[in-house]
Amino acid sequence: MNEFRFCPQCATPLELLPSLEDGGWKERLRCPACGFTHWNNPTPVLAAIVEYQGKVLLARNAAWPPKMFGLITGFMEAGESPLEGVAREVKEETNLDVRALKLVGAYEFLRMNQVIIAYHAVCEGEVRLSPELVDWRLCALDELKCWPAGTGYALADWLRTRGHEPVFFTEEENAERRRGLD
C-alpha cells in the first residue's frame with residue numbers, strides 16, 4: 001500500500017506524532033513543520049453484481065490468477081455519485097449499459113483500507129472487456145460461490161434476497177483460486 005512519507009504542503013518528512021482529536025489522543029502521520037495531518041481515511045470503492053441475460057457476470061482482472069473471478073469494481077471519482085460511478089465502471093469495464101441499480105450494502109475491506117459500496121446492476125448490451133480485464137463468465141445463481149472478503153459478502157447478501165442460501169469457497173478452494181496472487 002502506498003504510504004505518505006513527505007508533507008504534500010511543505011515537503012518535510014512526516015512523523016508519527018500524537019495529537020488530541022475528538023476521540024482522544026491519536027497517533028497519525030503529521031508534519032512537524034506545518035501541522036499537515038495525513039488522515040489515511042478509507043477509499044470508497046464501487047462494486048456491481050452485474051445481472052446480464054438472467055445470470056451474474058464475473059470477470060477476471062489481468063493481474064489475477066486464472067481461477068480467480070470477481071465482481072466489477074472500481075474507485076469512485078470526485079464529483080460523481082455512487083450511482084453514477086457504478087454505472088460508469090460497468091460501462092468502462094464491460095461495455096454494458098446499466099438499466100437498473102439497487103443498493104446491496106456497504107462492506108469493509110480493511111486489508112486495502114477501503115469501504116465497498118455494492119449494487120445490483122441489471123445490464124444489457126454486448127460485452128467487450130476493458131484492457132484491465134482478460135476474461136468473463138456468466139453464472140446461474142445456483143452455480144455461484146462466494147469468497148470470504150468484501151465483495152464476496154456483498155454477493156452472499158444479494159443471493160439471499162433472491163432466495164438462495166450462499167455457498168462460500170472452503171479455505172482450500174479459496175487458497176487455490178488465489179494461488180499466485182499473494
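## Basis

The model is predicted, with local features requiring pLDDT of at least 70 and side-chain atom pairs pLDDT 80 or more, while totals for chains, interfaces and linings use all residues. Residues are numbered from 1 along each chain as its sequence is written, and side-chain values use heavy atoms, without hydrogens and water.

## Helix 1

Helix 1 covers residues 82-94; helices (H or I, at least four residues) and strands (E, at least two) are DSSP runs numbered from the N terminus. Its 13 residues reach 18 Å from first to last C-alpha, close to the 18 Å expected (1.5 Å times one less than the number of residues).

Buried residues (under 20% relative accessible area, 1.4 Å probe, protein chains only) of helix 1 include Val 86, Arg 88 and Glu 89. The buried residues of helix 1 pack against several strands, among them strand 4 (43-52) and strand 7 (97-109). Asn 95, which follows helix 1, has a positive phi near 70 degrees.

## Largest pocket

A pocket is an open set of points on a 1 Å grid over the protein atoms alone, where a 1.4 Å probe fits, with protein on both sides within 12 Å along at least five of seven lines; lining residues have an atom within 4 Å of a point. The largest pocket is lined by 34 residues, with Trp 64, Phe 109, Arg 111, Met 112 and Gln 114 nearest its centre. Strand 6 supplies the largest share of this lining, 4 residues.

Methods. Buried means under 20% relative accessible area, exposed over 50%, partly exposed in between (1.4 Å probe, protein chains only). Contact means heavy atoms within 4.5 Å.
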